[in-house]
Amino acid sequence: MPDFSNHPDLVVIYLGMKVRALYGLKTLIGFGAPIEKAGAGRPDGLLHYENNIIFSLRPLHVGMRWYWRDMDSLVAWSRSEPHRQWWADFLKDTRGVGIWHETYHMRGGMEAIYNDVQTPVGFSAFLPMQEARGSLASRHRLHAASDLGALPSENRPDAAALP
């Protein structure tokens with residue numbers, strides 16, 4: 001079982017790209033190498049990353065999971081190149097794909113965006129949707145606990161569950 005004690009501000013972000021049209025395959029394939037390069041570059045605060053997670057083959061829906069030291073590191077990277085340009089370009093033209101992300105914070109905050117994703121995925125499959133307001137950081141901090149007192153001080157399985 002992981003020991004989270006050295007990572008009280010850990011943030012995990014799941015990202016997905018769902019192909020909506022045939023030309024979306026070109027978009028998806030075109031993002032593969034640049035996304036891998038971005039993760040391999042180990043931006044400040046990126047602890048680990050996993051790309052090429054296949055959510056479904058029909059329609060093609062792939063994603064990634066990135067682990068960040070804290071929200072400030074994730075936000076700093078999202079505002080830097082190449083991510084800033086990727087997002088600006090996508091907002092102008094989705095190029096046949098829908099993009100989504102969900103963030104989960106060790107302190108309990110969660111946040112999500114779904115852009116041009118036509119069939120529900122993740123939170124959108126069971127929660128009512130509303131227009132996103134503010135930045136990723138401001139939306140996330142709105143729900144993240146500042147007090148970790150309710151979290152267990154040790155991260156071990158219950159003694160009764162051990163053989």
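How many salt bridges does a search of the whole structure find, and where do the partners of the one between Asp-116 and Arg-20 lie?

Analyst: A word on the basis comes first: this is a predicted model, in which local features need pLDDT of at least 70 and side-chain atom pairs count only at pLDDT 80 or more, while totals for chains, interfaces and linings use all residues. Residues are numbered from 1 along each chain as its sequence is written, and side-chain values use heavy atoms, with hydrogens and water left out.

The search of the whole structure finds 6 salt bridges, a salt bridge being a side-chain nitrogen of Lys or Arg within 4 Å of a carboxyl oxygen of Asp or Glu. Side chains of opposite charge can pair when their charged atoms come close.

For orientation, the protein has 4 helices and 5 strands, which follow one another in the pattern β-α-β-β-α-α-β-β-α; helices (H or I, at least four residues) and strands (E, at least two) are DSSP runs, numbered from the N terminus.

One of the salt bridges joins the side chains of Asp-116 and Arg-20, at 2.8 Å from N to O. This pair links distant parts of the chain, with Asp-116 in the loop between β5 and α4 and Arg-20 in the loop between β1 and α1, 96 residues apart. Asp-116 counts as partly exposed at 28% relative accessibility, and Arg-20 is partly exposed too, with a relative accessible area of 30%; buried means under 20% relative accessible area, exposed over 50%, and partly exposed in between, with a 1.4 Å probe and protein chains only.

Thr-94, in the loop between α3 (83–92) and β4 (97–105), touches both partners of this pair as well as Asn-115, not counting residues up to four places away in sequence, where contact means heavy atoms within 4.5 Å. The side chain of Thr-94 makes a polar contact with the side chain of Arg-20 at 2.9 Å and another with that of Asp-116 at 2.8 Å. A polar contact is a pair of N or O atoms within 3.5 Å; within protein, one must be able to donate a hydrogen and the other to accept it, and residues adjacent in sequence count only if both atoms are side-chain atoms. Thr-94 itself counts as buried, because its relative accessibility is 16%.

A second salt bridge brings together the side chains of Glu-50 and Arg-65, at 2.4 Å from N to O. Glu-50 lies in strand β2 and Arg-65 in strand β3, so the pair ties together parts that are 15 residues apart in sequence. These strands, β2 (residues 46–57) and β3 (residues 60–68), pair in the antiparallel sense over 8 bridges, pairing being assigned if DSSP finds at least two bridges between two strands, and they form a hairpin with 2 residues between them. Glu-50 is partly exposed, with a relative accessible area of 25%.

Finally, Asp-44, Arg-69 and Asp-70 are linked in a network of salt bridges, in which the closest N and O atoms of Asp-70 and Arg-69 are 3.4 Å apart. Asp-70 counts as buried at 19% relative accessibility, whereas Arg-69 counts as partly exposed at 34%. The side chain of Arg-69 also makes a polar contact, at 2.9 Å, with the side chain of Ser-73, a residue of helix α2 (residues 71–78). Ser-73 is buried, because its relative accessibility is 6%, and among the residues that Ser-73 touches is Asp-44, a member of the network.
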